[in-house]
Amino acid sequence: MSVHVIFEPTKCQGYANCLIEAPEIWDFDEENNRAVLRLAEPDDALRRKAEASARCCPAQAIRLQELTP
């Protein structure tokens, strides 16, 4: 089952832990000092990385929602 990444940029504190965990999903806007979601619906191969990026966010700006087929 796939997931949808929900990102709340106003909560982002610029730690970039998400980018470290999943560079395929995240980018970083240095001008605004915050993460940028590049891939809102990662495939199953990137699911674990998406989960890790949500877990490691100290600002809790990332959560995942299961997609139903």
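Five salt bridges come out of the count for this structure. Keep in mind that this is a predicted model.

Let me start with E8. Its side chain meets that of K11 in a salt bridge, at 3.7 Å from N to O. The side chain of R63 also forms a salt bridge with E8, at 3.9 Å, N to O. As for accessibility, E8 is partly exposed at 26%, K11 is partly exposed at 36%, and R63 is partly exposed at 46%.

Another of the bridges joins E51 and R47, at 2.9 Å, N to O. These two sit four residues apart in helix α2, so about one helical turn separates them.

Now the aromatics. There is one aromatic pair in the structure. The ring centres of F7 and W26 are 5.0 Å apart and the planes are at 75°, so the pair is edge-to-face. F7 is in strand β1 and W26 in strand β2, so the pair ties together parts 19 residues apart in sequence. Are these residues buried or exposed? F7 is buried, at 17% relative accessibility, and W26 is buried, at 0%.

Both belong to the largest nonpolar core, which has 14 residues; F7 and W26 are among the members that touch the most others, a group including V5, C18 and I62. The elements giving two or more residues to this core are β1 and α2. Beyond its neighbours within four places in sequence, F7 contacts C12, W26, A35, L37, A61 and I62.

Technical notes
Residues numbered from 1 in each chain as written. Predicted model: local features only at pLDDT ≥ 70, side-chain atom pairs only at ≥ 80, totals over all residues. Heavy atoms only, no water. Phe/Tyr/Trp six-rings, centres within 6.5 Å; stacked < 30°, edge-to-face > 60°. Buried < 20%, exposed > 50% of the residue type's maximum accessible area, 1.4 Å probe, protein only. Core = buried A, V, L, I, M, F, W, Y, C linked by side-chain atoms within 4.5 Å. Contact = heavy atoms within 4.5 Å. Salt bridge = Lys/Arg side-chain N within 4 Å of Asp/Glu carboxyl O.
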